[in-house]
Amino acid sequence: MFKTRNSFIDLNGTWKFNPDPYQRCRQQSWWKQEGDNSGFFPCFNMDGMWDTQVPSTWKKEFEELKWYDGHANYARDFDVNEIPVGHEAFLCIDSATYRSEVYLNGEHVGNHEWAYSPFQFKVTDLLQEGNNRIFVLIDNFMQEDRVPGIRTDWNNDGGLTGSVRIIFVPKSYIENFRTQTVLEDDKVKIQVEIFAQSTEGETTLDYEFKIDELALSHKASAKVGEKEKFEFVLEPSQIELWDQENPKLYNTSIVTATEELNDEIGYREIKTEGEKILLNGEEIRLYGVAVHSEFPDTGRVPTAEGIELMLEKARELGCNFLRCAHYPYAEEFGKAMDRAGMLWWEEVPVYWLPNVHQEPQLSIALGMMRETVLRDWNRASLIFWSVSNECAGDGTAAGSNSDLTTGNYPYWTKACTQIRELDPSRLISSADSGHRKTEANKDWTPDAGDHFDTEIAKESWHPGHPDEFYELMDVLGANLYVSNPGDNPIATQKFVDMLKRFNKPLMITEFGSMSTTEETDRPETDLGHPVRHEKILREAYATYHDHEEIVGYVPWALMDCRVPMHWRWYNRGSGTFAYGMLDNNYQKKYVFGVVQQEIAKLRKRFND
């Protein structure tokens with residue numbers, strides 16, 4: 001996965017676009033030629049397509065497409081003044097939702113089979129000085145064998161949702177590098193891994209790794225295609241470690257004979273010790289809120305202003321942590337979190353999938369995770385990789401799997417193994433839900449989805465997974481919703497009792513309810529009434545005061561979210577998931593102040 005280069009062509013901005021439900025572009029190979037004014041076919045020219053912005057989603061760009069799932073086409077003409085001699089050209093796309101088919105100057109470049117994560121294609125032989133034309137064919141269908149699958153709790157925003165650029169790299173180059181900070185023996189160890197590549201048969205590449213502000217330098221010759229490792233050992237007084245109050249970033253660079261790579265990196269250590277999460281050796285608690293990459297004007301696509309607005313609202317709540325659900329976010333997001341000192345959680349959309357252990361879902365999920373990990377290696381603020389959300393066993397009753405060889409467990413095993421091999425510097429978790437054995441709800445299966453317990457007081461809870469599953473995770477998370485006020489203290493106690501023998505930090509990765517943004521004369525006991533929403537939230541926070549072993553608290557969610565699945569009285573036909581403390585336009589709902597007050601009380605309880 002390429003680091004950002006200094007030599008590139010920015011392809012963000014205005015493109016041509018059209019929805020293509022009949023797949024006419026593919027039938028007539030529009031990427032090869034336009035139609036002219038004397039004939040019917042091909043039945044397009046660039047002037048006949050709509051203008052759109054990249055990155056964007058068509059569901060926010062065009063009102064008539066706000067619920068459209070299907071095929072669409074993106075096209076752009078661009079000029080190249082000069083192709084650097086001795087360089088390779090790569091087309092890099094940060095995110096396209098969902099499947100992409102890419103053509104440059106009439107020739108097929110490649111396909112990418114899933115959404116959200118970054119990808120690139122070598123285009124050296126196809127790029128030409130002067131005018132070039134790029135076509136990207138996209139479909140965003142939801143399918144049983146995709147990741148996510150046939151349904152989600154967010155709008156399936158299609159399009160070129162990430163940045164697009166062509167980068168130029170020398171034929172022997174540093175592809176990527178990873179840093180990790182380890183506090184050991186009263187020393188600060190900065191461990192570095194370098195990955196060199198060559199398209200011209202070179203076997204080594206000379207480089208210098210530098211952190212000038214720390215007066216650190218390492219010169220060596222990296223073996224192409226292999227991992228080059230080294231470390232610096234510092235006294236604690238020599239470095240300012242990154243943390244929430246002081247998000248110190250150091251300009252970190254790698255210099256070769258032909259180029260220089262730079263990144264702003266914070267150096268810090270995150271780990272667990274028994275039931276605690278430690279940042280730089282100090283115990284922390286995560287006063288969080290769940291978010292979507294959901295912005296009033298741009299939907300799934302962040303802007304600098306949109307990210308800052310999200311951070312502003314999260315800070316106002318008193319949060320130090322964002323659970324960024326349920327898919328990888330744009331690269332700019334992680335960099336903004338680094339600058340802000342806001343801890344966060346990144347996830348792949350293994351979401352409500354009973355069969356993610358089967359192909360093609362298995363390869364899709366692992367591929368998406370790999371691409372995201374390699375991109376976000378050096379983000380100090382990123383402390384969690386989440387391997388799933390509400391995906392239990394294999395469609396059978398909780399507790400029926402006795403080990404990790406059946407059902408979805410091979411996926412979890414492979415995902416956790418992959419992450420630990422690529423990035424041992426972060427914590428692994430999963431937002432689990434429902435998968436427990438109970439006496440009153442013996443027949444719960446993943447197909448039940450949002451089926452929450454209604455007789456909590458009568459139930460005895462037992463882990464629904466084999467013990468080996470919990471051992472895979474560093475932190476045990478639960479989406480703990482209750483059906484009625486009064487249930488939360490009982491449910492939380494049962495959750496703690498069920499998992500405390502694993503001696504790991506516990507997090508409530510989701511809790512809450514939903515409410516209307518408008519005045520209503522409905523009874524306060526109705527689901528969707530702000531007062532009922534308030535009771536559920538206050539009861540949950542009050543419960544956490546009694547449980548020191550729970551170290552993270554993440555209500556769902558910061559903002560309401562568009563999704564064509566929730567059509568209830570309290571969202572007035574808007575197709576909105578109304579769990580938010582803010583509405584779709586980031587305006588405060590009644591419960592915003594409730595959460596703000598409760599986080600302040602919880603911080604006071606734990607002297608934060």
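In this predicted model, the largest nonpolar core holds 124 residues, and those with the most contacts inside it are Leu322, Phe384, Val387 and Tyr411. Helix 5 supplies the largest share of this core, eight residues. Apart from it lies another core of 31 residues, including Leu104, Phe121, Ile134 and Leu160.

Strand 24 spans residues 382–389. Eight of its eight residues are buried, so the strand is largely enclosed by the rest of the structure. Beyond its neighbours within four places in sequence, Phe384 is in contact with Ile277, Leu286, Phe321, Trp344, Trp345, Glu346, Leu427, Ser429, Val475 and Met507.

Strand 24 pairs with strand 23 and with strand 25, as listed here.

| Partner of strand 24 | Residues | Direction | Bridges | Example of a facing pair |
|---|---|---|---|---|
| Strand 23 | 343–347 | parallel | four | Trp344 and Leu382 |
| Strand 25 | 427–432 | parallel | four | Ala431 and Asn389 |

Helix 6 covers residues 409–422, 14 residues in total. From its first C-alpha to its last it reaches 20 Å, close to the 20 Å expected at 1.5 Å a residue. Its buried residues are Tyr409, Tyr411, Trp412, Ala415, Cys416, Gln418, Ile419 and Leu422. In an α-helix there are 3.6 residues a turn, so residues three or four places apart point the same way. The buried residues of helix 6 pack against strand 11 (172–184), helix 5, strand 24, strand 25 and helix 7 (467–472). Tyr411, buried in helix 6, is one of the residues with the most contacts inside the largest nonpolar core.

Note on methods:
Residues numbered from 1 in each chain as written. Predicted model: local features only at pLDDT ≥ 70, side-chain atom pairs only at ≥ 80, totals over all residues. Heavy atoms only, no water. Buried < 20%, exposed > 50% of the residue type's maximum accessible area, 1.4 Å probe, protein only. Helix = DSSP H or I, 4+ residues; strand = E, 2+ residues; numbered from the N terminus. Pairing = 2+ DSSP bridges. Expected span 1.5 Å × (residues − 1). Contact = heavy atoms within 4.5 Å. Core = buried A, V, L, I, M, F, W, Y, C linked by side-chain atoms within 4.5 Å.
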